Amino acid sequence: AGGEGDVCVYKNRTLVKKQASAHAHVVRKVVKHPLGFATCANDGAVKVWSNQCECLLTFVAYGEDTKFVYGLCPIPQSNEMVTCDDGSTVKVWTPDGKHVQ
């Protein structure tokens, strides 16, 4: 992740692509995902990206009261994702961004 909401892809320490303002706030976490990688940020959003930095999916994990998504972890067996926010709430999401638990 780059500056204020930027997402950058590097290969062999060389910048390959920069997605400026990919998130509306600071990116908190970048994790490997079956389709490429996923990010979460202080804007409450989770995004799934291809390895070429094309946004494939966006969903809002947390709303007005709680915006910061601090953690993001994929579940390899199901391709679901787990998020946690600044209020200690943990949520499970389907691969297409639907809230499961």
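**Entry 1: salt bridges**

I searched the whole structure for salt bridges, each defined as a side-chain nitrogen of Lys or Arg within 4 Å of a carboxyl oxygen of Asp or Glu, and the search returned 3. The model is a predicted one, in which local features need pLDDT of at least 70, side-chain atom pairs count only at pLDDT 80 or more, and totals for chains, interfaces and linings use all residues. I note that residues are numbered from 1 along each chain as its sequence is written, and that side-chain values use heavy atoms, with hydrogens and water left out.

I looked up the salt bridge of lysine 18 and aspartate 6, whose N to O distance is 3.4 Å. The pair links distant parts of the chain, since lysine 18 is in strand β2 and aspartate 6 in the segment before β1, 12 residues apart. For strands and helices I used DSSP runs numbered from the N terminus (strands: E, at least two residues; helices: H or I, at least four). For burial I took under 20% relative accessible area as buried, over 50% as exposed, and values in between as partly exposed (1.4 Å probe, protein chains only). Aspartate 6 is buried at 11% relative accessibility, whereas lysine 18 is partly exposed at 47%.

I then looked up glutamate 54 and lysine 17, whose side chains meet in a salt bridge at 2.6 Å, N to O. This pair also links distant parts of the chain: glutamate 54 lies in the loop between β5 and β6 (55–60), lysine 17 in strand β2, and 37 residues separate them. Glutamate 54 is partly exposed at 41% relative accessibility, and lysine 17 is partly exposed at 29%.

I recorded a salt bridge between aspartate 96 and lysine 98 at 3.4 Å, N to O. Aspartate 96 counts as partly exposed, with 44% relative accessibility.

Is strand β4 buried or exposed? I found 6 of the 6 residues of β4 (residues 36–41) buried, so this strand is largely enclosed by the rest of the structure.

I counted strands as paired if DSSP finds at least two bridges between them. Strand β3 (residues 27–33) pairs with β4 in the antiparallel sense over 6 bridges, and a hairpin with 2 residues joins β3 to β4. Histidine 33 stands opposite glycine 36 in β4. In strand β3 I also checked valine 30, which is partly exposed at 42% relative accessibility.

On β4 and strand β5 (residues 45–49), I noted antiparallel pairing over 4 bridges, with cysteine 40 opposite valine 46 in β5. Their hairpin has 3 residues between the strands, and glycine 44 there takes a positive phi near 85 degrees.

Most residues other than glycine have a negative phi. I therefore looked up arginine 13, which is exposed with a relative accessible area of 84% and has a positive phi of about 65 degrees although it is not a glycine. Arginine 13 lies in the loop between β1 (7–11) and β2 (14–19).

Asparagine 79 is not a glycine either, and I noted its positive phi of about 65 degrees. Asparagine 79 is in the loop between β7 (69–75) and β8 (80–85) and counts as partly exposed at 30% relative accessibility. I found that β7 and β8 form a hairpin with 4 residues between them and pair in the antiparallel sense over 6 bridges. Cysteine 73 stands opposite valine 82 in β8.
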